[in-house]
Amino acid sequence: MNPYQPDEQGVTDEQGAGDGGAQKGALWHEQRENVRGVWSQALGHEEFTDDESFFTVGGHSLLAARVVARINRGAPARITVRDLFNHPTVGGLADLLAARAVVGA
């Protein structure tokens, strides 16, 4: 489990550190929804989980560039196409975006 992704009770590992954990967990959820929405629109379907690779559910390199541009429009931090290749899942990108947003805050 990553420190920003809430468990079944909605509690993150980071919440033990104070109020910042709740904010990070909320940020992770917000980014997850943003990424899922962009992927659904770009792929033309919603048949994927947060742990499936963008490239195994219909994505390709040209579509990746469009997806990154759309994600960056609604995200508190920026990602690159290389980031999508290195973190090709909804959960992975949500983790990355939440971590970058917290560091940049």
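Modeller: Contact here means heavy atoms within 4.5 Å. The model is predicted, so local features need pLDDT of at least 70, side-chain atom pairs count only at pLDDT 80 or more, and totals for chains, interfaces and linings use all residues. Residues are numbered from 1 along each chain as its sequence is written, and side-chain values use heavy atoms, with hydrogens and water left out.

Biologist: Which residues is Val67 in contact with, leaving aside its neighbours within four places in sequence?

Modeller: Val38, Trp39, Ala42, Phe54 and Leu84. Val67 is also one of the residues that touch the most other members of the largest nonpolar core, which has 26 residues. Such a core is a set of buried Ala, Val, Leu, Ile, Met, Phe, Trp, Tyr and Cys residues joined through side-chain atoms within 4.5 Å.

Biologist: Why is Asp50 called buried?

Modeller: Buried means under 20% relative accessible area, exposed over 50%, and partly exposed in between (1.4 Å probe, protein chains only). Asp50 has a relative accessible area of 17%, so Asp50 counts as buried.

Biologist: What makes Arg32 and Asp50 a salt bridge?

Modeller: The term requires a side-chain nitrogen of Lys or Arg within 4 Å of a carboxyl oxygen of Asp or Glu. For Arg32 and Asp50 the N to O distance is 2.5 Å, so the pair meets the definition. Arg32 lies in helix α1 and Asp50 in the loop between α1 and α2, so the pair ties together parts that are 18 residues apart in sequence. Helices (H or I, at least four residues) and strands (E, at least two) are DSSP runs, numbered from the N terminus.

Biologist: Which residues are linked with Asp50 in a network of salt bridges?

Modeller: Arg32, Glu33 and Arg36. Arg36 forms a salt bridge with Asp50, and the closest N and O atoms are 2.9 Å apart. Arg36 has a relative accessible area of 16%, so Arg36 is buried.

Biologist: Is Arg100 buried, exposed or partly exposed?

Modeller: Arg100 has a relative accessible area of 33%, so Arg100 is partly exposed. Asp83, at 9%, is buried.

Biologist: Why does Asn72 count as buried?

Modeller: Asn72 has 10% relative accessibility, so Asn72 counts as buried. Asn72 lies in helix α2 and touches Ala77, Arg78 and Ile79, not counting residues up to four places away in sequence.
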